[in-house]
Amino acid sequence: MAGTTSNPSAGLGTCPKTKGNATAVVGMQWGDEGKGKLVDLLSAEHDVVVRYNGGANAGHSVVIAGQRYALHLIPAGILSKGTLAVIGNGVVLDPDTLLKELDTLQSRGVDTSGLVISANAHVVMPYHKDEDAAREDTLKSGAGDSPLTEIGTTRRGIGPAYADKVQRAAAVRARDLLRPELLRARITQACRFKAPILGKQPDVEAMVATATAWGKRLAPMIRETTYLIHDQLRAGKRVMFEGANGTLLDVDHGTFPYVTGSSTGTAGIANGAGVPPTILTSAIGVMKAYSTRVGTGPMPTELSGDIAHRIRERGREYGTTTGRPRRVGWLDVVALRYAAMLNGITSLSVMLLDVLAGFETLRVCTAYQLGDGSTTDRFAADGAELAAAKPIYTDLPGFMDEIGAARSLATLPTPARAYLDFIQEKVGVPIGFVSIGPDREQTIIVGA
Ligand code: IMO
Ligand code: MG
């Protein structure tokens, strides 16, 4: 209904926590760190929120006044009134998911008029999802003795869409949805390339019709976003770059090949949004108080049994995008130190600390033991190498009482504070935020 939209988020209001005009919010682990909550918190002090990587593999959930909003493609900043929400050129755009998300937000009264899509964002086509699934199934069926297992992707077509971007010839960009002749030619060509992989000839006409319909609905939102972002910065507006996925899933620096298809960290911002690498004035690293991972690939601190079960249930560790139960483990500061180094993190946001209440002992991995018996405090950006690493733990006393009602560091139990101090010291970056529950009020802003 016209005139009745209202955006739920009022953000932090008068509590500036970021310096300068360009803030990055990135995940430091394997995704699902709670980036959506932090973006929502900081949205009041930013005018523009930009997604620069990934696609509908992301699942950013925000709880505002007890209401949950789950977003896959639209920047979580859209929930804040007046925010310009940009889907940058580095994102792979799934129009189906995007339009569904738009419809859902609009039906809940959220003003989505601030959404802008880069004309250069690549489009995830139906054959990309089929290809993603076909490749995963082939890997799975060929597993046997092979060292090549499936990646455990979200099957959202992310890898194939990025691969076609690099292949160039048959890639479809958002701007092509508005150019009927070129669109038809590209889709026709792409289908010829895909047929052998899919074992069938995709229906070109049906796909052209679908893509044309997407173009009609998306046309008002498709823009040249590089100049748009620079114009905003020049006008003194504050811009936040919302990372998707996590540092350890980065295509270059993560646990390859068990990674996603994009540059997930701060380095991805420059290419994925069209800004210089020197632009950032704050880089907030979002991390869980423990570890989780979805899909295959090494995770040195992985737990099973009762402890894993308790963390999974208390943390509701089931995927926002695929519903898969997440693998859980103790905190790994080797990985966090690596992520802080790669991204130039300026402050940490520790999420889901409340989940750890009730454990006598909290274990933190501070080094790895390697196959040859040596130890290291360095991460390995390689799936096979990291798989051989055994965690070396430091044990810290746990806290038994629930902490969801705390509103300052001083009101946290002493062992919880000691746990945070340990993280800060070992990662070497100060903590700026501590989340102790899903609601916005359940956030301790350090020093506020
Ligand atoms: P957010 O933004 C958790 C994981 C997948 C899989 C691997 C590759 O919610 O933190 P892909 O479909 O990207 O080719 O899958 O990466 N993955 C994520 N895991 N959170 C995410 O995003 C993820 N994005 C990708 O589970 O292991
Ligand atoms: Mg997720």
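The structure holds two aromatic pairs. Aromatic rings of Phe, Tyr and Trp (its six-membered ring) pair if their centres lie within 6.5 Å; planes under 30 degrees apart are stacked, over 60 edge-to-face, and the rest tilted. One of the pairs joins Trp 330 and Phe 359. This pair is edge-to-face, with 5.8 Å centre to centre and 75° between the planes. The pair links distant parts of the chain, 29 residues apart. Trp 330 sits in the loop between β13 (327-329) and β14 (331-332). Phe 359 sits in the loop between β15 (347-351) and β16 (361-369). Both residues are buried, where buried means under 20% relative accessible area, exposed over 50%, and partly exposed in between (1.4 Å probe, protein chains only).

The model is predicted: local features need pLDDT of at least 70, side-chain atom pairs count only at pLDDT 80 or more, and totals for chains, interfaces and linings use all residues. Residues are numbered from 1 along each chain as its sequence is written, chains are lettered from A and ligands numbered from 1 in the order in which they are written, and side-chain values use heavy atoms, with hydrogens and water left out.

Arg 310 lies over the face of Phe 359, at 5.2 Å from the ring centre. Arg 108 lies over the face of Tyr 69, at 4.0 Å from the ring centre. A charge sits over a ring if NZ of Lys or CZ of Arg is within 6 Å of the ring centre and within 35 degrees of the ring normal.

Leu 352 is in the loop between β15 and β16. Its phi is positive, near 60°, though the residue is not glycine. Leu 352 counts as partly exposed because its relative accessibility is 22%. Ala 65 also has a positive phi without being glycine, near 50°. Ala 65 lies in the loop between β3 (60-64) and β4 (67-71). With 70% relative accessibility, Ala 65 counts as exposed. Helices (H or I, at least four residues) and strands (E, at least two) are DSSP runs, numbered from the N terminus.

Now to helix α12, residues 414-427. Its 14 residues reach 20 Å from first C-alpha to last, close to the 20 Å expected at 1.5 Å a residue. Which residues of α12 are buried? They are Ala 416, Tyr 419, Leu 420, Phe 422, Ile 423 and Val 427. Seen down the axis, these buried residues fall within an arc of 155°, so they line one face of α12. The face turned away from that buried side carries exposed Thr 414 and Glu 425. Gly 428 follows α12, with a positive phi near 80°.

The structure holds one cavity of 30 Å³ or more. A cavity is a set of points on a 1 Å grid over the protein atoms alone where a 1.4 Å probe fits but cannot get out; a pocket is an open set with protein on both sides within 12 Å along at least five of seven lines; lining residues have an atom within 4 Å of a point. The largest cavity has a volume of about 30 Å³. Its lining includes His 122, His 128 and Asp 164. α4 (158-167) gives the most to this lining, with three residues.

The second largest pocket holds about 280 Å³ of space. Among the residues closest to its centre are Tyr 162 and Lys 165. α8 (267-273) gives the most to the lining of this pocket, with four residues. Pro 257 is in the loop between β10 (239-242) and α8. A cis peptide bond joins Phe 256 and Pro 257, with omega about 5°.

Conventions. The expected span of a helix is 1.5 Å times one less than its number of residues. The arc is that of the directions from the helix axis to the C-beta atoms. Grid points are joined across faces, edges and corners, and a volume is the space filled by probe spheres set on the points.
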